[in-house]
Amino acid sequence: MKEFIMTVLMWLADLEYFGIAIGLMIEIIPSEIVLAFGGYMVSIGKINFIGAVIAGTIGGVIAQWFIYWMGYYGGRPFLLKYGKYIFIKEEHINVAETWFQRYGVGVIFTARFVPVVRHAISIPAGIAKMPFGKFTLYTTLAVIPWSIFFIYLGLTLGENWENVKTIAAPYVNVLATIVIVGLVFYFGWKMIKKNK
């Protein structure tokens with residue numbers, strides 16, 4: 001598997017900025033790996049940081065458009081049947097639907113930082129026919145910091161960029177905890193305010 005990933009990344013490296021965007025769009029390699037490799041390319045002077053972030057943002061948003069449209073036009077049955085080809089399992093769909101129903105459209109932004117949920121949250125947005133413009137805005141606002149973070153890590157790690165998942169894990173877990181606690185407090189406050 002590692003050899004396959006490296007082969008794909010070398011091919012994407014030849015495409016430079018387009019390679020980052022395409023790597024995120026086709027999603028056969030986790031976004032963290034593609035973005036960290038983009039950071040590595042920045043470190044060796046093949047591309048620049050801003051261009052890498054723009055490419056990462058475009059690719060990340062388009063990838064989520066595909067999943068949104070699958071939910072919008074195909075619904076849950078379509079995704080249960082074909083989701084496995086883009087590494088989306090039924091448990092991902094179930095968790096994403098629960099989050100979306102509980103927290104509403106704003107979760108499109110916050111869920112991007114939570115493992116398991118982040119890849120599947122576009123599904124219930126599509127099924128619920130969330131306005132495409134609003135979906136795109138929330139998704140873009142979340143993809144930008146995600147891209148900056150992993151490209152920066154790849155740039156900092158240089159030739160050790162392959163260790164990005166191990167190094168990033170504590171930060172992502174802390175961020176996910178903050179997001180979840182924030183959501184709980186926000187909706188708790190809303191319920192108290194409503195009862196008053």
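Predicted model: local features only at pLDDT ≥ 70, side-chain atom pairs only at ≥ 80, totals over all residues.
Of its 196 residues, 44% count as buried. Among contacts between residues at least 6 apart in sequence, 70% join residues at least 24 apart.

**Helices α4 and α9**

- Helix α4 spans residues 49–82 and helix α9 spans residues 132–157; their axes come within 8 Å and cross at roughly 135°.
- The crossing of α4 and α9 is right-handed.
- On the α4 side, the contact is formed by Phe-49, Ala-52, Val-53, Gly-56, Thr-57, Gly-60, Val-61, Gln-64, Trp-65, Tyr-68 and Trp-69.
- On the α9 side, the residues that meet them are Phe-132, Phe-135, Thr-136, Thr-139, Thr-140, Val-143, Ile-144, Ser-147, Ile-148, Ile-151, Tyr-152 and Leu-155.
- The residues of this contact divide into 15 nonpolar, eight polar and no charged.
- An α-helix has 3.6 residues a turn, so residues three or four places apart point the same way.

**Aromatic pairs**

- The count of aromatic pairs comes to eleven.
- In one of them, Tyr-68 and Phe-132 have ring centres 5.6 Å apart and planes at 50°, so the pair is tilted.
- This pair links distant parts of the chain, with Tyr-68 in helix α4 and Phe-132 in helix α9, 64 residues apart.
- Tyr-68 is buried, at 2% relative accessibility, whereas Phe-132 is partly exposed, with a relative accessible area of 32%.
- Ring pairs link Tyr-68 and Phe-132 into a cluster with Trp-65, Phe-66, Trp-69, Tyr-72, Tyr-73 and Phe-135.

**Positive phi values**

- Most residues other than glycine have a negative phi.
- Glu-16, which is not a glycine, has a positive phi of about 55°.
- Glu-16 is in the loop between α1 (2–14) and α2 (17–26) and counts as partly exposed at 31% relative accessibility.
- Lys-129 is a residue other than glycine with a positive phi, near 60°.
- Lys-129 lies in the loop between α8 (122–127) and α9, and its relative accessibility of 43% makes it partly exposed.

**Buried sites**

- Within α2, the buried residues include Gly-19, Ile-20, Ala-21, Gly-23 and Leu-24.
- Ile-121 is found in the loop between α7 (117–120) and α8.
- Although in a loop, Ile-121 counts as buried, at 0% relative accessibility.
- Leaving aside neighbours within four places in sequence, Ile-121 is in contact with Ala-96, Trp-99, Phe-100, Val-107, Ile-108, Ala-111 and Arg-112.
- Ile-121 and Asn-94 are 27 residues apart in sequence, and their C-alpha atoms are 9.8 Å apart in space.

Key
Residues numbered from 1 in each chain as written. Heavy atoms only, no water. Axes fitted to C-alpha atoms, helices over the stretch in contact; angles between N-to-C directions. Helix = DSSP H or I, 4+ residues; strand = E, 2+ residues; numbered from the N terminus. Left-handed = near helix turned anticlockwise from the far one by under 90°. Contact = heavy atoms within 4.5 Å. Nonpolar A, V, L, I, M, F, W, Y, C, P; charged D, E, K, R; others polar. Buried < 20%, exposed > 50% of the residue type's maximum accessible area, 1.4 Å probe, protein only. Phe/Tyr/Trp six-rings, centres within 6.5 Å; stacked < 30°, edge-to-face > 60°.
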